[in-house]
Amino acid sequence: MSEQVQPGRRFLGRPDAVEPGYVPPASDASPRLGVRAGGRSRAGRLWLLQALTGAMLVGVLAVHLVAQHFLAPGGLRDYANVVDYLRQPLAAVIEVMLLGSVVVHACLGLRSSLVDVLGEAALRRVSLGLACAGILAIGYGLWLISALLTAPA
Amino acid sequence: MPDEQIRLRLWRTTAPQRERAGFVETAVRADRAADSVLDVIERVWAEADPTLVFRHACHHASCGTCAVRVNGRERLPCITALRDVWDGHSALTIEPLRNVPLVADLAVDPTSQLDQLAALRFPYVRTVEESVRCATGIERDADVGTAERFEDCLECLACVSACPVASGSPEYLGPAVLAAAQRIAEEPRHGDVDRVLDLVDTDHGVWQCRSVWACSAVCPSGVDPGARIMDLRRRLLRRRPIPAGAPA
Amino acid sequence: MAAPQAVTVRSPGLLRRLAYWLEPRWRDPGWLAFALNRLTGHILVLYLILHLVVLSQLLDGPSGWDRLLGIFGSRPFLVGDVLLIAAVVFHGLNGLRVAALTFGIGARHTTALIVVVLVVSTVLSALAGWAILT
């Protein structure tokens, strides 16, 4: 915050009265910086997205782990089992939800680690890179699922 | 009577007689039952080494000036009893706060944090949150009006020193500034709450907190910056967009 | 107030900025939870990349994939699976705890909840280990 501080004039701020002679600067009306359509800054919306994908993952990942390993005969699904599983509509939906939420959560998590290390300009570039990687990963996953579903039996 | 010997490992910066910064061991008299840690530091300065640089003022935890790290943990040495941190034979390690610019030895420079608090226009006087009924059952004295007191925060910067995020990221606003911002949002006292919320609603503001809670654990004054940062987040998440065409 | 003359302003070096969260402040339970969360997160990101790459073997049909199952079913891989489950369970439970803090839940009991998360993670990982390795 680059504010001009006047030495010796700290704002005392009585609860029921202002300091004698204190006049809030007229030019300091809040510009609502960074508050966009959602009423929240980008940083706030990214946090919310990370929290929501995380909460989603708790459920979806649990279902995935149980379905892929504990319900599968022998503990690991062979090719035929994988395709059979994906052919059930609910299973395919859950796998797509898993793909989306885990990739978004992972990219946001990496970004959080990097916020502490990078400056503003580098952070913007890295965020863009993570977004691209995320979109590619989701695209690849969707393509893989559709390829398995359309493969000859 | 200070008739025991205490070995202290004090952090010393470079000086004409010291080429490198590091821990220097010093021994002084101590009274484990009666001394505070600040008493011992002052005795080092008075009897062993007058070149020791340290900060102190009120000696009763109302100014926040003397904060240091004792055995790795942030404390106010003026109110830390020696018997609570010293077993009577081990060396006692005293070093300056982290994440705050160091002047020399144990003394840090709080200017940057104080300037940020001034830029927030953090008011130092607040209403008392609970009034105590006196024996007559009257809550308010007509002559005094609403009860007032100083804010809890001493600006001792123990929270900033304890925060792991602040140690890696100097851009982070930090628990002291964020807790002060929350106090303005909670009790505006003619402050501009929207302006303050805008200032903290950034990647290096409330959203960089990792909920470690080290700040609340070391605060000597019960500010609980951790909970206040979470409260700021809730206020930000509840904010509504400005309707199109409305003045800012 | 003018700054004193002899101020040493040391910006943290790159190593510090990358590894600050690994500092041994282990008696602070909040710090332990934070460091473990970040560590498990990074491990899981690496695993995710590996997993997505390995899944491409499915495109080779039954012969390609089923051959890999022999490797994935071996003891070292199963042990790795249990460790991964431990990482996922801790990361998920601690993540829920941290997210709840923003909404005011658990702020007064951070230490107790961290202990609960660690205990439940250990129990669930042990159960998963028993199910997978026996």
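Which residues in helix 6 of chain B meet which residues in helix 9 of chain B? Let's start there, and hello everyone. From helix 6 of chain B come B:Pro175, B:Ala176, B:Leu178, B:Ala179, B:Ala181, B:Gln182 and B:Ala185, and they meet B:Pro225, B:Arg228, B:Ile229, B:Asp231, B:Leu232 and B:Arg235 in helix 9 of chain B. Two residues are in contact here if their C-beta atoms, placed from the backbone, lie within 7 Å. Helices (H or I, at least four residues) and strands (E, at least two) are DSSP runs, numbered from the N terminus.

A word on what is on the screen. This is a predicted model, where local features need pLDDT of at least 70 and side-chain atom pairs count only at pLDDT 80 or more, while totals for chains, interfaces and linings use all residues. Residues are numbered from 1 along each chain as its sequence is written, and chains are lettered from A and ligands numbered from 1 in the order in which they are written.

Back to our pair in chain B. The contact of helix 6 of chain B with helix 9 of chain B divides into nine nonpolar, one polar and three charged residues. For these classes, Ala, Val, Leu, Ile, Met, Phe, Trp, Tyr, Cys and Pro count as nonpolar, Asp, Glu, Lys and Arg as charged, and the others, Gly among them, as polar. The axes of helix 6 and helix 9 of chain B are 8 Å apart, and the angle is about 55°. Axes are lines fitted to C-alpha atoms, for helices over the stretch in contact, and angles run from 0 to 180 degrees between N-to-C directions. Helix 6 and helix 9 of chain B are therefore oblique to each other. The naming goes like this: angles under 35 degrees count as roughly parallel, over 145 as roughly antiparallel, 65 to 115 as roughly perpendicular and the rest as oblique. The crossing of helix 6 and helix 9 of chain B is left-handed; that word applies if the near helix is turned anticlockwise from the far one by less than a right angle, and right-handed applies if clockwise.

Helix 7 of chain B, residues 193-200, joins this picture. Its buried residues are B:Val196, B:Leu197, B:Asp198, B:Leu199 and B:Val200, and they pack against helix 3 (111-120), helix 6 (175-186) and helix 9 (225-237) of chain B. Buried means that 20 or more other C-beta atoms lie within 10 Å of the residue's own, exposed means 12 or fewer, and partly exposed is in between, with C-beta atoms placed from the backbone.Now the whole of chain B. There are nine helices and nine strands in chain B, and 46% of its 248 residues count as buried. Chain B is divided into domain 1 (4-108) and domain 2 (111-124 + 153-237), with bounds that come from an automatic or database domain assignment. The C-alpha centres of these two domains of chain B lie 27 Å apart. Their contact takes 14 residues from domain 1 of chain B and 15 residues from domain 2 of chain B.

On to chain C. How many helices and strands does chain C have? It has five helices and zero strands, and 26% of its 134 residues count as buried. Helix 4 (residues 75-102) and helix 5 (residues 110-133) of chain C have axes that come within 9 Å and cross at roughly 155°. These two helices of chain C are therefore roughly antiparallel to each other, and their crossing is right-handed. Among the residues that meet there are C:Leu78, C:Val82 and C:Ile85 in helix 4 of chain C, and C:Leu113, C:Val117 and C:Val120 in helix 5 of chain C. By class, this contact has 14 nonpolar, four polar and two charged residues.

Helix 4 of chain C also packs with helix 2 (residues 29-55) of chain C, at an angle of about 130° and with axes 9 Å apart. That makes helix 2 of chain C oblique to helix 4 of chain C, and helix 2 passes helix 4 in a left-handed crossing.

Last, chain A and its contact with chain C. This contact takes 27 residues from chain A and 26 residues from chain C. On the side of chain A, helix 1 (42-70), helix 2 (79-87), helix 3 (89-115) and helix 4 (120-150) each give two or more residues. Helix 1 of chain A gives the most, with seven residues. The chain A side divides into 20 nonpolar, five polar and two charged residues.

One residue of chain A to finish. Is A:Ser127 buried or exposed? A:Ser127 lies in helix 4 of chain A, and A:Ser127 is buried, with 20 other C-beta atoms within 10 Å.
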